[in-house]
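Reader: I would like to learn how to read the packing of helices in a structure. Could we go through one case, feature by feature?

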Amino acid sequence: MITLFQKRVYEVVKKIPRGEVLTYKKVAELAGSSNAFRVVGNILNKNYNLSIPCHRVIRSNGKLGKYNRGARKKIMLLKKEKYI
């Protein structure tokens, strides 16, 4: 069962434009809970819906962070979108 916060996180992430990124913290803020950035990471780690571009969410320190399809795939997608 999907929670209201999960739904909000997915809606925020769906709106990240191609070639741009948001931090886990910013996604948490926009979803209504600024301190829930770790929860955002856990939610996105379980996402396999390709319409939710979770590869566009990075760490606050600028590092890419993890990706449930592998770090290489995240790098490839962000390069393809000309973010890196």
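Reader: What covers the buried residues of α4?

Author: This is a predicted model. The cover over the buried residues of α4 includes α2 and β2.

Reader: Which residues of α4 are buried?

Author: The buried ones in α4 (71-80) are Lys 74, Leu 77 and Leu 78. Looking down the axis of α4, these buried residues lie within an arc of 95°, so they line one face of the helix.

Reader: Which exposed residues does the face of α4 turned away from its buried side carry?

Author: That face has the exposed residues Arg 72, Lys 79 and Lys 80.

Reader: What follows α4?

Author: Lys 82 comes after α4, and its phi is positive, near 65°. Lys 82 has this positive phi although it is not a glycine. Is the residue buried or exposed? Lys 82 is exposed, with a relative accessible area of 71%.

Reader: Where does Tyr 67 lie, and is it buried or exposed?

Author: Tyr 67 sits in the loop between β2 and α4. Its relative accessible area is 11%, and the cut-off for buried is under 20%, so Tyr 67 counts as buried.

Reader: What does Tyr 67 touch?

Author: Leaving out residues up to four places away in sequence, Tyr 67 touches Cys 54, His 55, Lys 73, Lys 74 and Leu 77. Two of these names have already come up: Lys 74 and Leu 77 are among the buried residues of α4. As for Lys 7, Tyr 67 is 60 residues from it in sequence and 19 Å from it in space, C-alpha to C-alpha.

Reader: Next, two packed helices. How are they described?

Author: In general, two packed helices are described by the angle between their axes and the distance between the axes. For the case here, take helix α1 (residues 4-14) and helix α3 (residues 37-45): their axes come within 10 Å and cross at roughly 80°.

Reader: Which residues make the contact between α1 and α3?

Author: From α1 the contact uses Phe 5, Gln 6, Val 9, Tyr 10 and Val 13, and from α3 it uses Val 39, Val 40, Ile 43 and Leu 44. Sorted by class, the contact of α1 with α3 has eight nonpolar residues, one polar residue and no charged residues.

Reader: Which residues of α1 are buried, and where do they fall around its axis?

Author: In α1 the buried residues are Phe 5, Gln 6, Val 9, Tyr 10, Val 12 and Val 13. Seen down the axis of α1, they fall within an arc of 160°, so they line one face of the helix. The elements covering them include β1 (22-23), α2, α3 and β2 (57-58).

Reader: And which residues are buried in α3?

Author: In α3, Val 40, Ile 43 and Leu 44 are buried. Down the axis of α3, its buried residues fall within an arc of 90°, so they too line one face of their helix. What covers the buried residues of α3 includes α1, α2 and β2.

Reader: How many residues are in the largest nonpolar core, and which of them touch the most other members?

Author: The largest nonpolar core has 19 residues, and those touching the most other members are Phe 5, Val 9, Val 13, Val 27, Val 40, Leu 44 and Val 57. Helices α1, α2 (24-30) and α3 each supply at least two residues of this core. The largest share, five residues, comes from α1.

Reader: Take Val 9 as one example. What is it in contact with?

Author: Apart from its neighbours within four places in sequence, Val 9 is in contact with Val 27, Ala 31, Val 40, Ile 43 and Leu 44. In this list, Val 40, Ile 43 and Leu 44 are buried residues of α3.

Notes. Residues numbered from 1 in each chain as written. Predicted model: local features only at pLDDT ≥ 70, side-chain atom pairs only at ≥ 80, totals over all residues. Heavy atoms only, no water. Axes fitted to C-alpha atoms, helices over the stretch in contact; angles between N-to-C directions. Helix = DSSP H or I, 4+ residues; strand = E, 2+ residues; numbered from the N terminus. Contact = heavy atoms within 4.5 Å. Nonpolar A, V, L, I, M, F, W, Y, C, P; charged D, E, K, R; others polar. Core = buried A, V, L, I, M, F, W, Y, C linked by side-chain atoms within 4.5 Å. Buried < 20%, exposed > 50% of the residue type's maximum accessible area, 1.4 Å probe, protein only. Arc of directions from axis to C-beta.
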